[in-house]
Amino acid sequence: MFWRLFLTYLLLVVAAVGLVGLLIFQRAEDVFFDLVRDVAAAVGLVVLAAVGAAFVLARRFAGPLIELSEGARKLAEGDLGHKIRVTGGTEHAELAETFNTMSGRLADTFHILEHDREQLRAILSGMVEGVIAIDGKRRVLFANERAGHLLEFDPKKAVNEQLIDVTRLAAFHTVVEKGLATAEPHREEFDVPGPAARHLAVYVSRFPGHGTPGAVVVVHDTTEVRLAERMRQDFVANASHELKTPLAVIKSNVEALIDGAAEDPDARAAFLDQVAREADRLADLIKDMLSLSKIESGSLTLAPQPVALGRAITDCVERHHSRADAKTLTMVEKPPSDVTGEVTAWADPDALRQVMDNLVDNAIKYTPNGGRITVRWGATADTVSFEVEDTGVGIPDADVNRVFERFYRVDKARGREAGSTGLGLSIVKHLVQAMRGQVRVNSKVGKGTTFRVTLPRAGSA
Ligand code: ADP
């Protein structure tokens with residue numbers, strides 16, 4: 001641009017000088033030859049001056065414009081906020097200032113947009129739901145980490161890829177296609193088979209795009225919700241069954257009494273005795289169910305405090321002595337030999353009592369006459385523990401990990417005979433966990449069972 005302007009000015013100036021020379025030549029022919037050298041010299045000087053003037057003029061007018069065009073190029077290349085020098089005449093200076101203001105605003109707006117984009121990205125990354133945005137051609141525009149985790153792909157590599165190449169999960173594509181085909185948001189759930197089987201809920205909402213609409217796909221892992229729902233349904237079914245059994249016995253006995261058994265003193269005593277036993281079972285069942293629902297709903301508030309473990313165990317053993325004696329069972333307490341001083345647990349006294357009672361009660365229930373029950377305890381720097389060991393029937397390997405499930409009994413018939421509800425160990429596990437402890441079981445069929453409870457030690461928390 002500079003050179004174009006310069007040559008234009010130069011041409012103009014040379015033309016003007018040429019014209020002046022021609023005029024002089026026409027008007028003073030006689031003195032032409034005398035003057036010709038002087039005029040040539042003068043013309044030479046004027047041409048030199050003209051070249052200089054043209055250069056200065058071109059520079060003055062073209063300089064700011066060149067700088068402006070250079071600035072615009074830098075801006076277009078992404079150098080937002082680029083400033084140019086404010087020089088030249090008033091118009092040029094104004095133009096430069098406007099350019100600089102525009103450039104500054106562009107940089108500010110870009111930073112705000114960038115910040116908003118980062119914020120959105122952070123929100124989407126932190127979501128527990130997987131989020132994928134696709135355009136009308138099923139090309140991935142965005143995918144967060146969770147989506148990658150749930151559908152097993154790398155979200156960083158997924159952008160600009162076809163959705164079908166990102167995940168091969170057929171059920172997922174079926175839902176996406178259905179969602180893309182309708183203007184209303186579409187929701188569907190399906191199971192993902194495999195070693196880590198999951199249940200996913202997928203929501204597809206279309207958004208308008210150029211031509212075919214794209215969609216936002218939200219993927220939610222509902223495996224745990226499903227499991228909880230199934231457990232709740234199982235619980236209701238089991239609870240109804242458990243409640244129905246003693247009620248049926250009570251009802252039939254009462255009917256027998258009404259039908260005349262009440263007249264026979266021996267039969268009456270037997271029927272009434274069974275009614276009383278089943279009523280006790282019902283009461284136990286309801287008490288355990290209420291305990292469990294209280295623990296699971298979180299409405300049971302524990303008040304952990306230092307509890308002397310030895311004292312609590314002695315009290316528990318005393319509470320169960322008569323029942324153990326009735327079965328000629330030997331009950332032994334074994335204090336730790338390697339701990340000096342009191343072993344103090346950080347526990348809720350009532351919850352701890354319930355845990356111990358349940359374990360000792362089971363040991364008595366599932367140990368044949370003449371057996372032995374040993375309760376030992378000990379401590380490490382941070383924890384205390386106690387074990388209830390019996391020489392009873394034991395638990396088969398296949399059942400040992402399931403005994404903490406609600407209503408689970410190894411031997412349904414014997415369990416009922418022994419007056420069990422199938423809820424005791426479930427309550428134990430929940431209470432121990434609520435006190436930040438652990439319960440473990442070790443058992444050998446025909447040899448015996450040991451339950452070991454570990455709790456935080458008072459003063460170590
Ligand atoms: P229950 O009221 O039936 O005893 P629990 O939840 O306390 O319910 O125990 C679940 C099942 O675990 C019992 O039915 C029994 O089969 C088994 N079990 C628990 N403790 C022992 C034990 N000490 N010895 C053998 N089996 C046991």
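Start by selecting A133: its bridge partner in β5 is V216. The model on screen is a predicted one. Now widen the selection to the strands around this pair. Strand β1 (residues 130-134) and strand β5 (residues 214-221) run antiparallel and are joined by 5 bridges.

Next, show the whole sheet. It is open and has 5 strands, in the order β2-β1-β5-β4-β3, with antiparallel pairing. Colour β2 (140-143) and β3 (186-192): these stand at the edges with a single partner strand each, so one side of each has no neighbour in the sheet. From one strand to the next, the twist averages 20°.

Helix α7 lies across β1, β3, β4 (198-207) and β5, and runs at about 25° to β4.

Move to H82, in the loop between α2 (32-76) and α3 (90-126). Is H82 buried or exposed? H82 is buried, because its relative accessible area is 17%, and the cut-off for buried is under 20%. Leaving aside neighbours within four places in sequence, select its contacts: G71, K74, L75, F99, N100 and S103.

Now select L309, L352, V355, L359, F386 and L455. Of the 49 residues in the largest nonpolar core, these touch the most other members. Helix α11 (residues 349-365) gives the most to this core, 8 residues. Domain 3 (234-297) and domain 4 (305-456) each supply at least three residues.

Centre on V355. Not counting residues up to four places away in sequence, V355 touches F386, V428, L431, V432, M435 and V453.

Finish with a second, separate core of 23 residues, including I132, L150, V176 and F190.

Terms used: Residues numbered from 1 in each chain as written. Predicted model: local features only at pLDDT ≥ 70, side-chain atom pairs only at ≥ 80, totals over all residues. Heavy atoms only, no water. Pairing = 2+ DSSP bridges. Helix = DSSP H or I, 4+ residues; strand = E, 2+ residues; numbered from the N terminus. Axes fitted to C-alpha atoms, helices over the stretch in contact; angles between N-to-C directions. Contact = heavy atoms within 4.5 Å. Buried < 20%, exposed > 50% of the residue type's maximum accessible area, 1.4 Å probe, protein only. Core = buried A, V, L, I, M, F, W, Y, C linked by side-chain atoms within 4.5 Å. Domains from an automatic or database assignment.
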